[in-house]
Amino acid sequence: MAAIADFAFYQNGYKGILIASENDYAYFAERAGDELAPFANRVPDTEEAQNALKRCACNIADTLYGTWKQSKNGVAMMTSESVSGYYSVSYSAATDAQVRARINNAIAMYIGRYVLGARKVVM
């Protein structure tokens with residue numbers, strides 16, 4: 001599926017800052033469009049609903065880009081933090097399940113009310 005939101009919307013409507021390159025955005029926006037393909041035709045053709053769909057696509061593109069960037073650079077995300085006598089932080093690379101959960105959360109948050117009245121989307 002083609003990108004749902006263009007780079008101009010990413011920068012100006014969504015206020016995205018994670019993806020600085022239009023070429024990088026184009027790639028991850030297409031992947032976001034693929035993730036949203038099963039839901040896109042269920043979102044009403046109102047300005048509010050279409051903006052929610054575009055914002056969802058931008059959020060998913062950010063998630064996919066951030067995960068790719070972390071794996072490319074060998075950077076891990078913080079998985080836990082505790083302060084009990086001493087400060088402890090654990091890091092690890094995002095798992096496929098964690099990435100899927102972030103994508104599902106974006107779908108639920110932005111367009112869940114439009115796609116079958118879903119509050120939480122489980123794939």
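**Aromatic rings and their surroundings**

Tyr10 and Tyr25 are both buried, a term that stands for under 20% relative accessible area, with exposed meaning over 50% and partly exposed in between (1.4 Å probe, protein chains only). The model is predicted, so that local features need pLDDT of at least 70 and side-chain atom pairs count only at pLDDT 80 or more, while totals for chains, interfaces and linings use all residues. Residues are numbered from 1 along each chain as its sequence is written, and side-chain values use heavy atoms, leaving out hydrogens and water.

Across the whole structure, a search finds eight aromatic pairs, where rings of Phe, Tyr and Trp (its six-membered ring) pair if their centres lie within 6.5 Å, and planes under 30 degrees apart count as stacked, over 60 as edge-to-face and the rest as tilted. Tyr10 and Tyr25 form a tilted pair, with 4.8 Å from centre to centre and 35° between the planes. This pair links distant parts of the chain, since Tyr10 belongs to helix H1 (residues 7-12) and Tyr25 to helix H2 (residues 22-40), 15 residues apart; helices here are DSSP runs (H or I, at least four residues), numbered from the N terminus. Ring pairs also join Phe7, Tyr10, Tyr14 and Tyr25 into a cluster.

Tyr65 and Trp68 both lie in helix H3 (residues 47-73), three residues apart, about one turn of the helix. Tyr65 counts as buried because its relative accessibility is 7%, whereas Trp68, at 33%, is partly exposed.

Definitions and conventions. Helices (H or I, at least four residues) and strands (E, at least two) are DSSP runs, numbered from the N terminus.
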